[in-house]
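User: Please show me the model first. I want each label checked against its cut-off.

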Amino acid sequence: MPGELQPPLWEWWIVVYFFVGGIAGGAYFTSAILELVGRPEDRPIARMGYYIAFPLSLVSAVALIADLGRPERFWHMVVYSKTFLPWPKWDSPISVGAYALLFFGLFSFLSFLDALVETGRLPWAPLREKYSGTPRMIYSILGGLNGFFLASYTGVLLAHTHLAAWANTPLLGALFLISGASTGMAAIALGLILAKVDVGEAWARLKQADNWAMIVEIVLLVVLLAWLGSASASLLSGLNGILLIGGVVIVGLLVPLAMQFRAGFQGAKSSANTTALVAVLILVGGFLMRTVIVMAPQGLL
Amino acid sequence: MPKGMFVDTSICIGCKACQVACKEWNALGEEPEHFDYAGGLPVKAKNFTGNSYDNTGALSATNWRHVRFIERGSSLEGNMAWYMMSDSCKHCAQAGCLEVCPTHALMRTDLGNVVVQQDVCNGCRACIGACPYGVISYNKQTGRVNKCTLCDDRIQMGLETACAKACPTDSIVFGEVDQLRVTARQRVQTLKQLGFAKAQLYGDTDVLGGLNVFYLLLDEPEVYGQPRNPQLPQRNLVPGSVWSIGAALLLGLSTLVAFRGRGVRNNGAAGKEA
């Protein structure tokens, strides 16, 4: 290998961060879209997205901090430790990503509060009084954009290196973004089922949106592997290849799509169990994709 | 004026005095990967190359200088070439590590050398993948990254680097980069006249804006394990962002289509339970 490149040794915490951050961003983005164009019966979907996004933004932050060699210095990411002043670095994905995570946490927290107040779960009078006057549309849009960024910048971060399987394609950010959306929507579906919320006809719209995301994801993954050419060897050899093709493409994308379409062709409404299974498979696929793409090029899998 | 080093591999004898001087001056420990421990003491050496005089194999958090040994050809055929190269951080004029560091721990001093501020680094390791030379290494014991500082503590006091000081053949010369480049170009011409047709400078102004630590090589850069045309990691920033934005627009459109409908806000009429 020229120059004997060294891997950054990003391991399981980073896999978790990429996966959970993608779900959080994708779920919030879905909710933000519904905030703009949703029908009344879509509202529980939007709220579930908000319920998911904020806690997972906290999990993302914990995973990111845990991965640091010096976790107690996590704040150095956003504040220069010698001046205690913010000092973003626009061409450093980690720097911009840290700010994005911070703002995403803020916006998703506001939306999380919104959902709690809306459903009466947070009966605190001052918040209820202000509910109708809050500019939630604005922070939903800002949070949705941050969610997009959170889901995709991780791929750009990997491309910001010299490891061939990461650096020889510009598609990783796009792939992670689409995967974040599909896993975010799957998490919303799973959340609705676990909370025993029936959203009636809105199920079909959520599934259709997720199907589109999965189809785009498959196309992107194929194009990405073709783009990489010989540089994709580390992703496709041995166990890595089994996990990527078998786990991600077949189990995590094709099988869920087939199950959704089968139910659609038959005109039957999927059972809650089937919908839950589809959601779990999509989530497993999303996790395996991050695992293979993060670990394999570093020789860690 | 930036300070740096000219490393003339044509007169390197592979004595590793530079490697030892670096270890001693910077108080670098043994390579953790090379030893098993019992009761806090090393009991078994391992992971040495075993097939070369190159005993460390690569740069690391505790080897900031690495004397490469490159055995080429065959002594039986009479074309044996035995190259040595004392490798380290190049202190690139355009340094990828410096650009990606989110904490500003990596900084360039007024003498042009790139150093890691150990009191700022939080061990995110972004710089490791950003270096095209595999120079920066993670130190698991300290949770931070390490690399050659160009002996910042020495050169700020007007001294030369420890490796240059120790080099018995002056294969490593410390000085002002501009002056070193003039000397190096003359040396290349001399070697070419002596029949070393492939003699060349690696790291003149054509590589990453110029390497402050640059090399005279007797063969192609790849022979010495150096990338011919290293790029900044930022080369992927714009294309990666453009594709991501494109994917975001596509996704936004498909989701809008799936959820198409007039924007109606419902304050609790449906799905009250969620």
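## Labels and their cut-offs

Analyst: Strand S12 of chain B (residues 213-217) runs antiparallel to S11(B), and three bridges join them. This is a predicted model, in which local features need pLDDT of at least 70 and side-chain atom pairs count only at pLDDT 80 or more, while totals for chains, interfaces and linings use all residues. Residues are numbered from 1 along each chain as its sequence is written, chains are lettered from A and ligands numbered from 1 in the order in which they are written, and side-chain values use heavy atoms, with hydrogens and water left out.

User: Which strand do four bridges join to S12(B)?

Analyst: That is strand S1 (residues 3-8) of chain B, and S1 and S12(B) run parallel. B:Phe6 has B:Phe214 of S12(B) as its bridge partner.

User: In what order do the four strands of the open sheet lie?

Analyst: In chain B the order is S10-S1-S12-S11, with mixed pairing. Strands S10 (172-176) and S11 (200-202) of chain B each have a single partner strand and stand at the edges, so one side of each has no neighbour in the sheet. On average, neighbouring strands of this sheet are turned by 25° against each other, direction ignored; axes are lines fitted to C-alpha atoms, for helices over the stretch in contact, and angles run from 0 to 180 degrees between N-to-C directions.

User: How many residues of S12(B) are buried?

Analyst: Five of its five residues are buried, and S12(B) is mostly covered. Buried means under 20% relative accessible area, exposed over 50%, and partly exposed in between (1.4 Å probe, protein chains only). B:Val213, B:Tyr215 and B:Leu217 point one way from S12(B), whereas B:Phe214 and B:Leu216 point the other way. In a regular strand the side chains alternate between the two faces of the sheet.

User: Why does B:Asp8 count as buried?

Analyst: Its relative accessibility is 4%, so B:Asp8 counts as buried. B:Asp8 lies in strand S1 of chain B. Its side chain makes a polar contact of 2.5 Å with that of B:Ser10 and another of 2.9 Å with that of B:Arg187. The term requires a pair of N or O atoms within 3.5 Å; within protein, one must be able to donate a hydrogen and the other to accept it, and residues adjacent in sequence count only if both atoms are side-chain atoms.

User: Is B:Glu77 buried or exposed?

Analyst: B:Glu77 has a relative accessible area of 63%, so it is exposed. B:Glu77 is in the loop between S4 and strand S5 (81-87) of chain B. Five of the seven residues of S4(B) are buried, so S4(B) is largely enclosed by the rest of the structure. Seven bridges join S4(B) and S5(B), which run antiparallel, and B:Met85 in S5(B) is the bridge partner of B:Arg68.

User: What makes B:Arg125 and A:Asp67 a salt bridge?

Analyst: A salt bridge needs a side-chain nitrogen of Lys or Arg within 4 Å of a carboxyl oxygen of Asp or Glu. The side chains of B:Arg125 and A:Asp67 meet at 2.9 Å, N to O, so the pair qualifies. Between chain B and chain A the count is two salt bridges, and 27 residue pairs are in polar contact (both at pLDDT 80 or more). On the side of chain B that touches chain A, at least two residues each come from strand S4 (66-72), helix H2 (96-100), H3, strand S8 (137-139) and helix H7 (237-258) of chain B. H7(B) gives the most to that side, with 15 residues.

User: Which residues does B:Ala126 touch?

Analyst: Not counting residues up to four places away in sequence, B:Ala126 touches A:Trp10, A:Ile94 and B:Val100; contact means heavy atoms within 4.5 Å. B:Ala126 is in helix H3 (residues 126-130) of chain B, and its 5% relative accessibility is why it counts as buried.

Methods. Pairing = 2+ DSSP bridges.
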